[in-house]
Amino acid sequence: MKNLFYLIALFFFYPCLVNGQLLSNKTEFSRKDSLRGQLTPLRTCYDVTYYHLDVDVDIPTRSISGSNLIKFKTIQDFNRIQIDLFDNMAIEKIIYRGKKLRYSREFNAVFIDFPMPIKANTLDSIQVYFSGTPHQANRAPWDGGFDWKKDSNNKPWVASANQGIGASLWWPNKDHQSDEPDSVLISVTVPKGLMNISNGRLRNMESIGQKKSKFNWFVSSPINNYNIAINIGDYVHFQDSYQGEKGKLDIDYYVLRENIDRAKPHFEANVKPMLKAFEYWFGPYPFYEDSFKLIETSHLGMEHQSGIAYGNRFLNGYLGRDGSGTGWGLKWDFIIIHEAGHEWFGNNITAADIADMWIHESFTNYSESLYIDYYFGKKAGQQYIYGNRRAIQNDKPIQGQYHVNNEGSGDMYNKGGVLHNMIRTIIADDDKWRAILRGLNAKFYHQQVNYDDIVHYINQESGINFSSIFEQYVKTTSIPVLYISETKDGKVQAKWKNTVANFQMPIYIGTSNNTLKAINITNDDQTLDIPNLTKKNVKIDTFNYYIDVQKN
């Protein structure tokens, strides 16, 4: 999510398209990057099954303290494991079977030593006690961290938002997207008179002495660490429900007391229509057991699973603006639609390595178009996608590098949405395309995936080999050039240039006087068998295809 806001800022100040060249995404990475991003044997030897995160938030000092009970299944024998916690946070102690464990730290990695070998195929646990002042987000959610604010009544308004930078910024865990706990209990202690809203369902609220309250939230579904969130404020609560594909879905809203009159009609106008459209396209909402929540925050938003952070000021568009310039983006609340789209792509289907964050953001950007499609028609959705092109920078590939905690370009949003619209256009069967989108969410339900998983599934279910197209648009910055030439006897030829090896992509070609038809073009010259076609009157679908055209 965080790169999205950067992209929109770029769009408003630099509304131009920069055609990149075939560039590799090679960057020098450090030992610190590898410790965070790589799945070494110290991480793969155990699988986290459950966290109980218990945190006391001291608002005046902007500090936290508490513990995290980590339950895990052992995959291989080990006597040492790695967890993660930023080095500005203190570890007070680590307890195993009633005794303290020895540990060492390197950057943000914590290496824990056990007094005896832990055998494979067993269930075990440790409890990590910690404290400190977590990194403060000065511009949440762009930079990530804790957002310490006050509302208009001067009451504390606090939120965590840590996509990319990592959950280990403030609590100890195995901070890698490949390992999601099956369930989590989130216990947060706050000053009396305030509420904490986290993911899942509220189990209960406890009074802690005369001045504090503890809120216990339980998440019954697998959840990525960066989605686990704290939201503290003078909240009021109202409820609704939606009769969806899996029955009744509970809907909960938490907004500042002063905003309840604005929130009710705005949420009513946006949330149920979103659920209806997205269940049509993607299948059932993936977290019926944990409900659907919107929680008002001072920052713009984040896709926190079953507890979405919302800060779009009850406006349509993105803070009242439409990044596509088409007008279609002003007919719905951008943050509600985009962040809720992540419940399917990002939270249900999660990239195992942050290098594949493009999976989250490309499909979710595309979900905005599908929302428009559902209510205003296919052409309107495609106009929106086309309008979004002007924010594409082509600065680097949208896929990052594996094993070093590296995201790709922010183009993963708009360029990714364009890519999926092209795939839909090539398949040319909207029932099949919808079945593929729903099938992805069924096949990879509550799972972690990578690039190959997504490409293989779409190839298999469509019956079309999209491998070179994905490689071109995901792994390079180069825009394919459709090169049109004419032979001496007046025949028109076409081929792709500026592409990866063995690139092929069908594209709709014709003349202004006839219907365009799909012709599979490769890197080799081929004659176009279209009546009355000349180099001058050739018409190419550049509305649904993100390409350049060159005539010789």
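# A guided tour of the predicted model

Select Trp358, Ile359 and Phe363 in helix α6, and then Tyr451, Ile454 and Ile458 in helix α10: these residues meet one another, contact meaning heavy atoms within 4.5 Å. By class, this contact of α6 with α10 has six nonpolar, no polar and no charged residues. Here Ala, Val, Leu, Ile, Met, Phe, Trp, Tyr, Cys and Pro count as nonpolar, Asp, Glu, Lys and Arg as charged, and the others, Gly among them, as polar.

The structure is a predicted model, in which local features need pLDDT of at least 70 and side-chain atom pairs count only at pLDDT 80 or more, while totals for chains, interfaces and linings use all residues. Residues are numbered from 1 along each chain as its sequence is written, and side-chain values use heavy atoms, with hydrogens and water left out. Helices (H or I, at least four residues) and strands (E, at least two) are DSSP runs, numbered from the N terminus.

## Two pairs of helices

Two packed helices are described by the angle between their axes and the distance between the axes. Show the whole of α6 (residues 357-376) and α10 (residues 451-462): they pack at an angle of about 45°, with their axes 9 Å apart. Axes are lines fitted to C-alpha atoms, for helices over the stretch in contact, and angles run from 0 to 180 degrees between N-to-C directions. Angles under 35 degrees count as roughly parallel, over 145 as roughly antiparallel, 65 to 115 as roughly perpendicular and the rest as oblique. The helices α6 and α10 are therefore oblique to each other.

Next, select α4 and helix α9 (residues 430-443), whose axes come within 7 Å and cross at roughly 95°. These two helices are therefore roughly perpendicular to each other. On the α4 side the contact is made by Glu279, Tyr280, Trp281 and Phe282, and on the α9 side by Arg434, Leu437, Arg438 and Asn441. By class, the contact of α4 with α9 has four nonpolar, one polar and three charged residues.

Remain on α9 and select lysine 432, which is found in this helix. With a relative accessibility of 33%, lysine 432 counts as partly exposed; buried means under 20% relative accessible area, exposed over 50%, and partly exposed in between (1.4 Å probe, protein chains only). Leaving aside neighbours within four places in sequence, lysine 432 is in contact with Ile427, Glu461 and Ser462.

## The nonpolar cores

A nonpolar core is a set of buried Ala, Val, Leu, Ile, Met, Phe, Trp, Tyr and Cys residues joined through side-chain atoms within 4.5 Å. Select Phe267, Val271, Met274, Phe292, Phe470, Leu482 and Ile509: of the 96 residues in the largest nonpolar core, these touch the most other members. Helix α4 (residues 260-282) gives the most to this core, with nine residues. Now centre the view on valine 271, which is in contact with Ile251, Tyr253, Phe292, Leu294 and Ile336 when neighbours within four places in sequence are left aside. Apart from this core lies another, of 53 residues, among them Ile81, Val128, Trp170 and Ile230.

## A covered strand

Select strand β18 (residues 292-296), in which five of five residues are buried. Which residues lie on each face of β18? Phe292, Leu294 and Glu296 are on one side, and Lys293 and Ile295 are on the other. Tyrosine 253 has leucine 294 in β18 as its bridge partner.

## An open sheet

Finally, select the four strands that form an open sheet in the order β9-β10-β15-β12, with antiparallel pairing. Strands β9 (145-150) and β12 (195-196) stand at the edges, each with a single partner strand, so one side of each is left without a neighbour in the sheet.

Follow the sheet from β9: six bridges join this strand to β10, and lysine 150 stands opposite proline 156 in β10. The two strands form a hairpin with five residues between them, and asparagine 154 in the turn has a positive phi of about 65°. In β10, five of six residues are buried. Two bridges join β10 to β15, where asparagine 231 stands opposite alanine 159. Two bridges also join β12 to β15 (residues 231-233), and asparagine 196 stands opposite isoleucine 232 in β15.

End the tour at asparagine 162, in the loop between β10 (156-161) and β11 (183-191). Asparagine 162 is buried, with a relative accessible area of 1%. Not counting residues up to four places away in sequence, asparagine 162 touches Gly144, Gly145, Ala167, Trp170 and Tyr226.

Note on methods:
Two strands pair if DSSP finds at least two bridges between them.
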